[in-house]
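Here are my notes, point by point. Please keep the structure open while you read.

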Amino acid sequence: MAATSLAELEQIRADCRKLVSQRALISAAAAVVPIPGLDVSTDVALLLQILPQINEKFGLSAEEVEALSPELKKILVVGGANFSIGLLGKVITPKRVMSLLQSMGMKSLATKYGGKYIPVLGSVAASGLSYIVLRRVGHKHIEECFNIASQLLAHQQSQSTSRGTVIDVEATIKSID
């Protein structure tokens with residue numbers, strides 16, 4: 001687990017949002033270039049880079065999830081089922097990213113790619129949509145990671161608190177003897 005408190009998780013979430021916003025600007029800049037497919041490949045490349053970084057910052061990379069206890073994995077699976085992205089603890093591949101982009105913004109992606117053929121205004125619209133789609137995907141993934149990480153943290157803290165109580169009771173019994 002990367003964070004040991006809710007405040008640390010909040011800071012990680014803020015840092016990840018900055019990262020996503022910066023990469024969304026790069027996506028928007030690539031969308032202005034009137035080369036077919038450049039914007040799609042840029043979006044995929046950016047998401048292949050930032051989604052694993054986000055997972056890692058929250059302590060939810062594939063390796064870290066694999067190392068969790070079965071009880072914590074259950075929290076991850078049950079909690080992750082409530083979200084639409086579902087990339088926690090998984091190896092992120094171009095195929096997964098493409099399907100994610102299609103599911104998250106199919107109408108806006110079609111508008112983005114079709115609008116590029118309209119001089120100037122089409123490129124501006126494509127740029128804006130590219131920024132919005134990448135930022136939306138990133139922020140949704142951040143919220144998914146934050147919610148799961150906070151559930152895992154709460155569970156771990158409750159476990160350590162209950163263990164501390166048992167140890168205190170045992171110490172009290174020993175001191176009475």
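**Notes on the predicted model**

1. Confidence first. This is a predicted model. Over the protein chain the average pLDDT is 77, and 69% of the residues score at least 70. Where pLDDT is low, predicted coordinates should not be read in detail.

2. Helix α1. This helix covers residues 6-32, 27 residues in total. At 1.5 Å a residue it should span 39 Å, and its end C-alpha atoms are 39 Å apart, so the two agree. Its buried residues are L9, I12, R13, C16, L19, V20, R23, A24, S27, A28, A30 and A31. Residues three or four places apart in an α-helix point the same way, because there are 3.6 residues a turn.

3. Helix α2. It runs over residues 38-57, which is 20 residues. From first C-alpha to last it reaches 29 Å, close to the expected 28 Å. Buried here are D39, T42, D43, V44, L46, L47, I50, L51, I54 and N55. G59 follows α2, and its phi is positive, near 75°.

4. Cysteines. C16 counts as buried because its relative accessibility is 0%, under the 20% cut-off. C145 also counts as buried, because its relative accessibility is 0%.

5. H139. This histidine is found in helix α6. Is H139 buried or exposed? Its relative accessibility is 18%, so it counts as buried. Leaving aside residues up to four places away in sequence, H139 touches R17, V20 and S21. V20 is also among the buried residues of α1.

6. L152. Helix α6 covers residues 121-176 and includes L152. L152 has 2% relative accessibility and therefore counts as buried. Which residue is 80 residues from L152 in sequence, yet 6.6 Å away in space, C-alpha to C-alpha? It is L72.

7. Rings. The count of aromatic pairs comes to zero. There is a charge over a ring, though: R13 lies over the face of F146, at 3.7 Å from the ring centre. R13 is one of the buried residues of α1.

Note on methods:
Residues are numbered from 1 along each chain as its sequence is written. This is a predicted model: local features need pLDDT of at least 70, side-chain atom pairs count only at pLDDT 80 or more; totals for chains, interfaces and linings use all residues. Side-chain values use heavy atoms; hydrogens and water are left out. Helices (H or I, at least four residues) and strands (E, at least two) are DSSP runs, numbered from the N terminus. The expected span of a helix is 1.5 Å times one less than its number of residues. Buried means under 20% relative accessible area, exposed over 50%, partly exposed in between (1.4 Å probe, protein chains only). Contact means heavy atoms within 4.5 Å. Rings of Phe, Tyr and Trp (its six-membered ring) pair if their centres lie within 6.5 Å; planes under 30 degrees apart count as stacked, over 60 as edge-to-face and the rest as tilted. A charge sits over a ring if NZ of Lys or CZ of Arg is within 6 Å of the ring centre and within 35 degrees of the ring normal. pLDDT is the predictor's confidence in each residue, from 0 to 100.
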